[in-house]
Amino acid sequence: MSRLQQLRIVDAVLTNLAAGYINDEFIADSILPRVPVTKEGGKVPLFGKAQFIEHRTERAIRGATNVRDPEGVKTLDYVLTEYDIATRLDYREKQEADFQIDAVETANTMEILRLGHELRVARMVQNPATYAPGNTITLAGADQFTNPASDPLGVVLDAKAAVRSQIVREPNTLWMGYSTYLTLLRHPQLVGLLSTNKDRILTDDELKRFLRVDNLVVGKAVTSTDGETVTDIWGDNMGLTYTAREVDGQRSYRVPSFGYTLVKQGWPQVDRYPESGGKVEFIRATEINDAFVLSKGAGFLISNTNA
């Protein structure tokens, strides 16, 4: 047993709570889904166009076997990062609490860890340098969606075509910041596809159907540097990605996709340790992961949607 394993007393109950933690305001995992890896470092494949092509596999009776020549596989060296945060609880606080304070503080520590992950992914996927040349656009003037005469459907369709030309598949996931989302819900062009009532607001399902995507996610999370003023993590931007689907509830980083969050198998974990003197206990949550874009051509960024 390693020195780290000897020192760490893992709380199974709180670890299970942490593993099941979900905040619906966060969208990073919908863009760069979590997949387990057994080691903190290694290699993962970078996906080119050939990995997205669907090959002919049907064979007629007595027909020849379908044959393909493999493309050389490029790889990315990865090293995961450990992230942790602990909450300090005095024994008197635990005695006086009329609620399950350990469970509450486990949720709070996980919220902090996932907020950090959301910020890192948001910075990555809202950065034009993350995408292939030609797979970004910055809207200005009459093209911005706050202009009633703009054409958001046309912008999205053009973006989908650009991704398809890179990877031979259309993107299946559309993400957007909250301000972009509010603008599109009442955009005259989109509302006009459904109703003559210009004051009508679209539902999420209608918006998803009009923009022709399988998955629509809206970044509603906020952050604060001073605990008072909050700002949106996701700005007036939107993006399209091809995100690999789950198979039997599982994903693998070997399946072509825009990218993944690689997570060390068995994490997050929650452990407890005492402060000197024994009257204060720390509840600590730890994650070991990092997010990676593995196919720059499998995404498209649309920036500055609002004036």
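Biologist: Let's start with F282. At its relative accessibility, does F282 count as buried or exposed?

Modeller: In this predicted model, the cut-off for buried is under 20% relative accessible area. F282 comes out at 12%, so it counts as buried.

Biologist: And what about Y273: how much relative accessible area does that residue have?

Modeller: Y273 has 27%, which makes it partly exposed.

Biologist: How do I read a pair of aromatic rings?

Modeller: You need two things: the distance of the centres and the angle of the planes. The structure holds five aromatic pairs. One of them joins W175 and W234, with 5.2 Å from centre to centre and 55° between the planes, and that counts as tilted.

Biologist: Where in the chain do W175 and W234 lie?

Modeller: W175 belongs to strand 7 (residues 173–177), while W234 sits in the loop between strand 10 (231–232) and strand 11. The two parts are 59 residues apart in sequence, so this pair ties them together. Both W175 and W234 are buried.

Biologist: Back to Y273 and F282, then. Which kind of pair do their rings make?

Modeller: Their ring centres are 4.8 Å apart and the planes meet at 5°, so that pair is stacked.

Biologist: What sits over the ring of Y83?

Modeller: That's the charged end of R120, 3.7 Å from the ring's centre.

Biologist: Okay, helices next. Which way do their residues point?

Modeller: An α-helix has 3.6 residues a turn, so residues three or four places apart point the same way. Now look at helix 6, residues 152–167. Its buried residues include L153, V156, K160 and V163.

Biologist: What do the buried residues of helix 6 pack against?

Modeller: Quite a list: helix 7 (178–185), helix 8 (188–192), helix 9 (204–210), strand 11 (238–241) and strand 15 (299–303).

Biologist: Can we zoom out? How many helices and strands are in the protein chain?

Modeller: Nine helices and 15 strands. Of the chain's 307 residues, 43% count as buried.

Conventions:
Residues numbered from 1 in each chain as written. Predicted model: local features only at pLDDT ≥ 70, side-chain atom pairs only at ≥ 80, totals over all residues. Heavy atoms only, no water. Helix = DSSP H or I, 4+ residues; strand = E, 2+ residues; numbered from the N terminus. Buried < 20%, exposed > 50% of the residue type's maximum accessible area, 1.4 Å probe, protein only. Expected span 1.5 Å × (residues − 1). Contact = heavy atoms within 4.5 Å. Phe/Tyr/Trp six-rings, centres within 6.5 Å; stacked < 30°, edge-to-face > 60°. Lys NZ or Arg CZ within 6 Å of the ring centre and 35° of its normal.
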